Amino acid sequence: MHLVGELSTCSELFRQRWASQDVRLHRSGRKRVHHPIVGQLDLDVESMELPAEPGLHLNVYTAPAGTPTADNLALLASWAATQQALATELEPHNG
């Protein structure tokens, strides 16, 4: 609660929004994320309830084909695969 108090004293907007408790569940939308390797990613998001686990949601993030975000995700997948291959090559061989 210390952080809430600090933010409340520093920001009128935060104080008003905290007091209103205007919290909503967004079932779909767009999220912008900055990834340190590939930069900006604009992702579509869908939130789905999990009937077997009340209160839990599964968020699915996608990028439309042919967009810069889809290209950056493909680049990130390639980079990750290369990193995994390098790590495997550097592992000491037992035997």
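1. Trp18 is partly exposed, at 40% relative accessible area; the class runs between buried, under 20%, and exposed, over 50%, with a 1.4 Å probe and protein chains only as cover. Phe14 is also partly exposed, at 23%. The model is a predicted one, in which local features need pLDDT of at least 70 and side-chain atom pairs count only at pLDDT 80 or more, while totals for chains, interfaces and linings use all residues. Residues are numbered from 1 along each chain as its sequence is written, and side-chain values use heavy atoms, with hydrogens and water left out.

2. A search of the whole structure gives one aromatic pair. In this pair Phe14 and Trp18 are stacked, with 5.8 Å from centre to centre and 20 degrees between the planes. Rings of Phe, Tyr and Trp (the six-membered ring for Trp) pair if their centres lie within 6.5 Å; planes under 30 degrees apart are stacked, over 60 edge-to-face, and the rest tilted. Phe14 and Trp18 are separated by about one helical turn because they are four residues apart in helix α2. Helices here are DSSP runs of H or I with at least four residues, strands are runs of E with at least two, and both are numbered from the N terminus.

3. Glu12 is partly exposed at 43% relative accessible area, and Arg15 is partly exposed at 34%. A salt bridge requires a side-chain nitrogen of Lys or Arg within 4 Å of a carboxyl oxygen of Asp or Glu; by this rule the count is four.

4. Ser8 belongs to helix α1 (residues 2-10). Its relative accessible area is 16%, so Ser8 is classed as buried. Apart from neighbours within four places in sequence, Ser8 contacts Phe14 and Arg15, where contact means heavy atoms within 4.5 Å.

5. Turning to the strands, β1 (residues 28-35) and β2 (residues 39-49) pair in the antiparallel sense over eight bridges. Two strands pair if DSSP finds at least two bridges between them. The two strands β1 and β2 form a hairpin, with three residues between them. Strand β2 also pairs with β3 (residues 57-62), again in the antiparallel sense, over six bridges. Within that pairing, Val45 has Tyr61 in β3 as its bridge partner.

6. Arg30 has Asp44 in β2 as its bridge partner. The side chains of Asp44 and Arg30 also meet in a salt bridge, at 2.8 Å from N to O. This pair links distant parts of the chain, with Asp44 in β2 and Arg30 in β1, 14 residues apart. Asp44 is partly exposed at 25% relative accessibility, whereas Arg30 is exposed at 52%.

7. A salt bridge also joins Arg32 and Asp42, whose closest N and O atoms are 2.7 Å apart. Here too distant parts of the chain are linked, Arg32 being in β1 and Asp42 in β2, 10 residues apart.

8. Val33 lies in strand β1 and is partly exposed, with a relative accessible area of 37%. Not counting residues up to four places away in sequence, Val33 touches Gly39, Gln40, Leu41 and Leu43. The C-alpha atoms of Val33 and Ser20 are separated by 27 Å, and the two residues are 13 apart along the chain.

9. Which residues form the nonpolar patch on the surface? They are Met48, Leu50, Leu56, Leu58 and Val60, with about 380 Å² of accessible area together. Patches are made of residues with over 30% relative accessible area and no salt bridge; like charges are joined within 9 Å, and nonpolar side chains (Val, Leu, Ile, Met, Phe, Trp, Tyr) within 5 Å. Areas come from the Shrake-Rupley method with a 1.4 Å probe, and for residues only the protein chains shown count as cover. Leu50 is placed in the loop between β2 and β3 and is partly exposed at 33% relative accessibility.
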